[in-house]
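Reader: Show me the model, please. I want each label checked against its definition.

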Amino acid sequence: MVNKAVIIPTGDEIKEGIVLDTDSPMVMSFILKLNGDCHVERCRPTVDDEANIEQKIQQYLAEEFDLIILIGGSGGGHRYSKTLGKDFTHSALEGILDDKVVTELYGKNGHLWSKLIAGRAGKTLVINIPGPFAEAEAAMSAFVETFKEIGVDLKRINASMAEAVKKKYSLYNGFENQL
Amino acid sequence: MLDNTQIIVQVDKTIVKITGVQVRGLDTQALEKILMNKLKSLVRIIGVTGDSIEMDVYGLEESAILSESEDVIKAISMAEGITASDVTKMASVEKIQSFDIEKIPDYIENRCKGERWQKVGQ
């Protein structure tokens, strides 16, 4: 049961108000579908900086939240194009989680579009979702469905979320290769 | 436990960058809708700064997007949160290039496969 959840939006553009955060209300509505009695927090947006994101995660782990959801920063971003945002969410998560299941989705040009992680640190379940609304919504929907059905199964949660995001990309005109 | 799956999604897209705009309080979903109506194709906003917007356009060639550049800029200027000006322009329009997945150079820390593939072509 998820009784205490926190949403962590990431991104300089969100923090500075350049882009509206439409993802967080959507994520909150999905969490409430899991448990209408859940205490849900949305923390102030975190700048795209690995240390900052790590610090936020550690803070909520210490406060024993059941579920931490990070939004955005899941792609290759700055590592691919100087003009794209800095994507540090997945690298911040790497060192913190005790158990984790990871799926990386690449474009045909080799650019890392999205690295989705489902992991556990102590008793806390931690997941990340991509920033673009359509993909974020698909990932959250898949997460809630899987969690309701089988509970905390990292592999199944990660697989269903990655499949949902991949379907969004594949809808455009493509198909996929598994490496 | 660590389980890692890697998938390549074979989708054609063109990356478009608009510069010379002022952005504040942008609803990216609303902008995507405006652009999809204009271009009759799928659009995803992938990067926004205070003065630029970067997007993926699916299923359209570079030439088709360039031919619509003025109309696209007019359409963008209608979106809430964006102020266009005389210097607003389509600064780059670039279709993504495929890379041979058999020729990925060795792992380099903090670099994605795209960077490694592109290094092969240099």
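Reader: What makes β2 and β7 of chain B a pair?

Author: Strands pair if DSSP finds at least two bridges between them. Strand β2 (residues 13-19) of chain B and β7(B) share six bridges, in the antiparallel sense. So they count as paired, given the cut-off of at least two bridges. Val16(B) stands opposite Val93(B) in β7(B). This is a predicted model, where local features need pLDDT of at least 70 and side-chain atom pairs pLDDT 80 or more, while totals for chains, interfaces and linings use all residues. Residues are numbered from 1 along each chain as its sequence is written, and chains are lettered from A in the order in which they are written.

Reader: Why is β7 of chain B called an edge strand?

Author: The open sheet has the order β4-β5-β2-β7 (chain B), with antiparallel pairing. Strands β4 (43-48) and β7 (89-95) of chain B each pair on one side only, so they are its edges.

Reader: How do you know whether Val23(B) is buried or exposed?

Author: Buried takes 20 or more other C-beta atoms within 10 Å of the residue's own, exposed 12 or fewer, and partly exposed lies in between; C-beta atoms are placed from the backbone. Val23(B) has 23, so Val23(B) is buried.

Reader: What does Val23(B) touch, not counting residues up to four places away in sequence?

Author: Contact means C-beta atoms, placed from the backbone, within 7 Å. Val23(B) touches Ile18(A), Val48(B), Gly50(B), Asp51(B), Ile53(B), Gly81(B) and Ile82(B). The C-alpha atoms of Val23(B) and Val72(B) are separated by 16 Å.

Conventions. Helix = DSSP H or I, 4+ residues; strand = E, 2+ residues; numbered from the N terminus. Contact = placed C-beta atoms within 7 Å.
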